[in-house]
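I am opening my notebook for a first look at this model. Come along while I look up a few spots.

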Amino acid sequence: MDAATLTYDTLGFGEFEDFPETSEPVWILGKEFNALTEKDDILSDVTSRLWFTYRKNFSPIGGTGPTSDTGWGCMLRCGQMILGEALVCRHLGRDWRWVRGQPQRGQYISILNAFLDKKDSYYSLHQIAQMGVGEGKSIGQWYGPNTVAQVLKKLTVFDSWSRLAVHVAMDNTVVMEEIKRLCMPWLDYGGAACAEPPGWIPKHNGCLEGACALAEEETALWKPLVLLIPLRLGLSEINKAYIETLKQCFQLPQSLGVIGGKPNSAHYFIGYVGEELIYLDPHTTQPAVEPCEDSQVPDDTYHCQHPPCRMHICEIDPSVAVVRRTEQNLIYGTETFVCNSRDYTFPVVLDQVCTHCSRDFGPLLHTDLLQILQVSGLSRGNTDFQLPPKMFYWVQVSSSGRNCK
């Protein structure tokens, strides 16, 4: 049976292995767990992630297209899981937990509504598949990580409730000016402020519900950013030089995970334990879900309630996309910058930074995977340490002091 069409319907849920008893730390999307003493917490955290799988019996895509995505929609579903995690962090917080049968908050229902398999949901399979036509992918064709990243970038423009900015770092390069334009759209090219149209009110996934709750936040100077970084970590298999770097990506508090998998079989990787990656697998076919008359969404099938899947890291296909988010109140500035995972503040020269702070710039710092381009407006400081060439680092503004600590 082809790997792309293999589903849990054929494997059977009884074949899943329980989580291992190990003293090694378990990392899931920036949080560390002990498998010996916190197994229930691990399973609760995994179950709380949105799990989007193959569906069947939904309305035809485009009116006359497929009514199921079994065999071709796995990467699209992984893209949904990445964006679903971003929306959960945005509206509910990283520590939010799903409990079966428990009444859910309105924000949670709104998030689910955005992913229902119907044409008028912002991030539905219908929307992703039809938007992919513009990326050269016909409906029913398998996507790669880069294609789904480009489609998600286009779709978030229409979500006026979440107001996410999505940037795809192409050619191993993060263009800072493009991010600034995305996250501060009220600034024109010259840096002058542009006001929203008079009377403008954001909508809540197509309606006004919940808009008031975000009204004050929408006056902030920074739109939350989701950064997708398509990478090639080897030719036909992952280069072992990148294994530790990839694992460390899951330790970052801002991590949204990694999408990748095996050829023609995509997975959503959310963490690791030892040399195994932990992932959610979309390869099970479930019936499409319709909202109830009271607008509630039956949500049991949107959460993985069995032990998470694991894969040895060497088995992953080298083509992946690493995804991360920013905090809502951080913006890019022109003078003082602070690394994203500590409160150190220091001046930055274009190719220099204090060495004792460099460990906080993320695991991609000392690899040749990424470079930064067009970093304008950084303050001119004097340091004695130089960073390695062709690197990526993530800097965000701070209102605190300007001296190295």
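Where is the place of Arg 77? I found Arg 77 in helix 3, residues 74-91 (helices are DSSP runs of H or I with at least four residues, strands are E runs of at least two, and both are numbered from the N terminus).

A note on the source: this is a predicted model, where local features need pLDDT of at least 70, side-chain atom pairs count only at pLDDT 80 or more, and totals for chains, interfaces and linings use all residues. Residues are numbered from 1 along each chain as its sequence is written, and side-chain values use heavy atoms, leaving out hydrogens and water.

Next I checked burial. Arg 77 has a relative accessible area of 2%, so it is buried (under 20%; exposed is over 50% and partly exposed in between, with a 1.4 Å probe and protein chains only).

Then I looked at its neighbours. Arg 77 touches several residues beyond four places away in sequence, including Phe 52, Arg 55 and Asp 117 (contact means heavy atoms within 4.5 Å).

I noted seven aromatic pairs in the structure (ring centres of Phe, Tyr or the six-membered ring of Trp within 6.5 Å; planes under 30 degrees apart are stacked, over 60 edge-to-face, the rest tilted). Phe 52 and Tyr 302 have ring centres 5.7 Å apart and planes at 70°, so they pair edge-to-face. Both of these residues, Phe 52 and Tyr 302, are buried. I also saw ring pairs joining Phe 52, Phe 115, Tyr 122, Tyr 123 and Tyr 302 into a cluster.
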